[in-house]
Amino acid sequence: MFETLFSILPMQIRARVERWIHRYDIDPTARISPGVKIIYNDKRRKKLKIGKNVFIGVNCVLDITKGIIIKDNVQIAPNAMIFTHDSSKDRKNPIERGVIIEEGAYIGAGAIILHGVRVGKNAIVGAGAVVTGDVNDNTIVGGVPAKIIGVRK
């Protein structure tokens, strides 16, 4: 309904409008780029928390069916997707589990984070990776499915 409006708003204003219209918990310093889609199965669920100095790139998808927490200083590159539910096995009873992105994490372009995942502090998810399990602090993952390819020092 508001997608046309959101597509023309500057990044710094979109976060304010999302807070006001949908009552999401978004810090005023967060930046949400044009084309970001926030999807959900139940409009009464307002389960999105975005911390300080977060940047979400163009055309990302945030599925807040169960809830997403994005902590401070996180960067999410364009076209990344975060899903909190999976209805591939049973559309009437989907699996729903929240996602947490810890402080200082970086999610690469086109990466996919699946339900129930925790991305640790200062972790890096490589471009195009599909993350099906937790990523430890200071770990670099990449590939399909994502595997450890390095450690940040």
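## Terms and model

A polar contact here is a pair of N or O atoms within 3.5 Å; within protein, one must be able to donate a hydrogen and the other to accept it, and residues adjacent in sequence count only if both atoms are side-chain atoms. This is a predicted model, in which local features need pLDDT of at least 70 and side-chain atom pairs count only at pLDDT 80 or more, while totals for chains, interfaces and linings use all residues. Residues are numbered from 1 along each chain as its sequence is written, and side-chain values use heavy atoms, with hydrogens and water left out.

## A contact in a loop

Let's start with Thr-65, which sits in the loop between β6 (61–63) and β7. Its side chain makes a polar contact of 2.6 Å with that of Asp-63.

## The five-stranded sheet

Strands are DSSP runs of E with at least two residues, numbered from the N terminus, and two of them pair if DSSP finds at least two bridges between them. Five strands form an open sheet with parallel pairing, in the order β1-β4-β7-β12-β15. Because β1 (25–26) and β15 (118–119) are at the edges with a single partner strand each, one side of each has no neighbour in the sheet.

Within this sheet, β7 (residues 68–70) and β12 (residues 99–101) are joined by three bridges, and Ile-69 faces Ile-100 in β12.

## Pairings of β18

Strand β18 (residues 139–142) pairs in parallel with β16 (residues 124–125) over two bridges; here Ile-124 has Ile-140 as its bridge partner.

With β19 (residues 147–151), β18 runs antiparallel, joined by four bridges, and Thr-139 is opposite Val-151. The hairpin of β18 and β19 has four residues between the strands, and Gly-143 adopts a positive phi near 100°.
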